[in-house]
Amino acid sequence: MAEKAQARAESESPIHIMPRSTLSTEANKTGSWRYLRPRYEEKTAPCSAACPAGEDIGKIEMLTAQGLFKEAWETILRENPLPGICGRVCFHPCEGACNRGEFDDPIAIHSLERFLADTAERYDLKPLLERLPGRPEKVAIAGAGPAGLAAAWFLTQLGYACDVFEASPEAGGILRWGIPLYRLPLAALQREIAQVEAQGVRIHTGRPVTPDFLNDLETSYHAVYLACGHGRTTALRVSGEESDGVGDGLKFLEKVRNGETPDVKGVSAVIGGGNTAVDVARSIVRLGGEALILYRRRRQDMPAFGDEVQMALDEGVKLQELVAPERIGKDGSRTLVTLRHMRIAGEEGGRGRIEPDGDRTSRIVVDRLFKATGAEAAEGWHNPPASKEALALSHCVLSLRNGRPALAWGGDLANGIKSVAHAIASGKQAAIALDTLFREGPDSILPRLESCTVGNGPSLSMEIHMGGERRLRNRHVVAYGEINTDYFRYAPRMTQPRLVRQERARSFAEIDLRVSGNIAMREAERCFNCGLCNQCDNCHLFCPDMSVIHDQSAQGRHIDYDYCKGCGLCVVECPRNAMTLEEEIR
Amino acid sequence: MKQVLEGSQAVAEAVRLAGVQVVSAYPITPQTHIVEILSDYCATGKMNAKFLRVESEHSCMAALIGAQSAGVRTFTATSGQGLALMHELLHWASGARLPIVMAEVNRALAPGWNIWVDQTDTLAQRDTGWIQFYCEDSQEVIDTTLQAYKLAESVALPVMVVLDAFFLSHTYEPVDVPSQEEVDRFLPPYEARFELDTKNPCSFGPLVPPAVYMEMRHDMAAAMDTALATFPVIEDEFAALFGRRYGAVEAIACDDAEIVFVTSGTITSTARLVLENLRGRGEKLGIAKIKLFRPFPVDEVRKALKGAKKIAVIDRNFSFGASGIFAQEIRAALCNAPDHAPVFGYIAGIGGRDVTPEVLEEIYWKTKHNALPERESVWIGLQEVSHGS
């Protein structure tokens, strides 16, 4: 009976027409409705633009988070041959630019850089880097400091034979003689110098470049890069600075790095506010003396790294602000320093502008005094010419003399900011400029440097110069507002493990300790990877038209524009701004 | 087995017994209890069904259209604004000839924001091609829901089973819940007349030219006519198994009645009490309870109202600019019938206001004391509204 009613109803309500299509709906190419067009376009992370060496930091952290430590380390080496050194002593402007800083805390980029170098050392990794075919031109480099080493490294990658001439018995320059062991252990330095040499760079130590020798070099080399650094402490220009109680801060550091233990009994005054002054003071404490830094501005105005100043104070270094030496004399066997008191009279260049505080002076008696106010070229002729024929670039000065080898000045000789990272930037800029000069002639240098710029400059990328994938990125620097922070969780920045204060003050042992792989990976995972695709696949997951198609390309996917309606969901849901939505041009 | 159930629970039990395979819903008061119970049944395995959570009622009906097209039995429940949001897809479901069953708990439309009973939400969907049943009590709810599946699948049209908010959805009553075996004897497994098949891929709903569309619509019209003819047969089958019968129209004491109330929903129960009282006082009242609203049972309405001298339609709904919607339908059904009685239209109980026996008696006396209707619609129980501060 039940079936009967149903059968009857069906026969009485026939469906004569139920239109259906056996064509695929793919016949309807809905992509024609689109007036906005998404596309994959990687952009520039602010850290990489802020790094003087232009390191591809967003990618380095992505690889680190994935546990691809060797690849991450090699990614650094493409732009910077000295990660173990920079991971320790660089002032890391990258972290100041880090977008994560607006979210919670910046990524500990310098700690991760050092971690990668430590890992390479631990497993004795050999980098596998692209190298261009050999070139006939040879380049001579004066000075085996960071600028000279970097120039030699990059020129070698570009196919040039390089000879580095170093006045000292060992390579490293300021890294070898001017930075104390507790910040940069000898083994870390030697390993990376050896790695530069392993690329085929010949370093000739004990070979100072004199004017005569420079003339000789010009006959057998196609270019000379002068990077002899600023090795002489600047004079104070006060009376009595030549007396025997007054020492040279850089020379003092050099002695200590040479294994000597100078007598520092009693109280030593250190004049200056930069890293050298702080290094001298902290070395004095380690040798058993007392150190008093005398600085003409305030603590917040010191060019030394804030962290280093804090640790110095923790270790017992004293700091007297707003005093400048006016006269140095003797008080029996001790040294009498007359100090002029200063006061703040406004701001200039982000720090306090000072002027004498009326006639106020005071006098202190110390056992000795060290000058550490700054440094300059050891010889006047080291400095680049100011003439119009010289091409003044951001990190070096280039002299293209007709018929004669090119001459380039770099490192501290040409840099506004005297830092290891800027020295590396100088070596890289010189390498790109000389390579372009040799291959394409002088007129191509400026356009080539412009095309190798990371973000809004002045950092340069060797990977871009060598035609790597980085050249495909948009130079737009990703802003915090362009990150979809819904996809990130608050997570505290890693804490750099350190020797405790009591241990620090007793020895020159390295203060910053190694970090484990899992801490490094967790820290790297915090990175937004601004502007870079990390294969999160959100674009595929969110596409309502199934128009993000996986494939075998480097991107791993492409957009099927036959059906993409340009809704823009993929671009909005990309956490890291690795996609762009543009008006469709028809 | 007798159980004490809410109207909402009665719906859920019927859905369980009907062996529904896909349930989808978006929560809205006052239907929420229905899908709460069903989601629990799906989660615990008491029903072997998939519960699809969706982000709107529009998506809900779209999901059911997809599921039903794949050849399974489906269910949803909604109210008021939710039904309004489904509107576009209500047309699609019927046009695609998908026998989806929905429980609709009547809720007044906003603004003013109101969760109480008012039939305007479902009556506003009368032209969507859905069959509509209005229920009086929880027993009728469970029985009608089971019948709904049978009718829907017979004529390939979707069905709405309509309940009054709170007065029915949230009121506990004794209900005879049939056993699974009994239900299985009444309701065979769903067999789709056409369905999606991955072995033979096709899509439904392509572009249809003027040369064909009209015929498709005529098929639907014919299916509605068939539904009208089939429903009594289904009721026969149901009555044979369960001993209960409702009728598309239930004529209560209409044979000798001078005034006949036309009612729907829970107001009918109140009217039954009033009828008893008035009959006891010698007043000849009858009631025509409209259960089936679409297709509209014109012949049964004419038959029930044939002997009446006056007809009083009580509408818990309103079509602005016209009148109560049941009153329109009654007038339309009678206008071509010879010698029909005048139709008095009353609006009562809008937005959940109680329709008490006193309200219905007032309607009775107003009808009795006026020879002809004064106006199309008389609003009962309106309060004086002060426009002061």
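The legends below describe close-up views of a predicted model.

**View 1. Chain B as a whole.** The secondary structure of chain B consists of 12 helices and 16 strands. Its radius of gyration is 21 Å, close to the 21 Å that the globule rule gives for 389 residues, so chain B is as compact as a globular protein of that length. The C-alpha trace of chain B spans about 70 × 55 × 50 Å along its principal axes, and 52% of the 389 residues count as buried. Among the contacts in chain B with a separation of 6 or more, 80% join residues 24 or more positions apart.

**View 2. The packing of helix 6 and helix 8 of chain B.** Helix 6 (residues 138–155) of chain B packs on helix 8 of chain B at an angle of about 135 degrees, and their axes are 9 Å apart. That angle makes helix 6 oblique to helix 8, and the crossing of these two helices of chain B is right-handed. Helix 6 contributes residues including B:Asp143, B:Lys150 and B:Val155 to the contact, while those from helix 8 include B:Ala223, B:Phe231 and B:Phe242. By type, the residues of this contact divide into 8 nonpolar, 4 polar and 2 charged.

**View 3. The surroundings of B:Ala223.** B:Ala223 lies in helix 8 (residues 210–242) of chain B and counts as buried because it has 26 C-beta neighbours inside 10 Å. Leaving aside residues up to four places away in sequence, B:Ala223 touches B:Val155, B:Ala156 and B:Leu157, as well as A:Ser13 of chain A. B:Ala223 and B:Val155 are 68 residues apart in sequence, yet 5.5 Å apart in space, C-alpha to C-alpha.

How values were computed. Residues numbered from 1 in each chain as written. Chains lettered and ligands numbered in written order. Predicted model: local features only at pLDDT ≥ 70, side-chain atom pairs only at ≥ 80, totals over all residues. Helix = DSSP H or I, 4+ residues; strand = E, 2+ residues; numbered from the N terminus. Buried ≥ 20, exposed ≤ 12 C-beta atoms within 10 Å, placed from the backbone. Contact = placed C-beta atoms within 7 Å. Rg over C-alpha atoms; globule rule 2.2 N^0.38 Å. Axes fitted to C-alpha atoms, helices over the stretch in contact; angles between N-to-C directions. Parallel < 35°, antiparallel > 145°, perpendicular 65-115°, else oblique. Left-handed = near helix turned anticlockwise from the far one by under 90°. Nonpolar A, V, L, I, M, F, W, Y, C, P; charged D, E, K, R; others polar.
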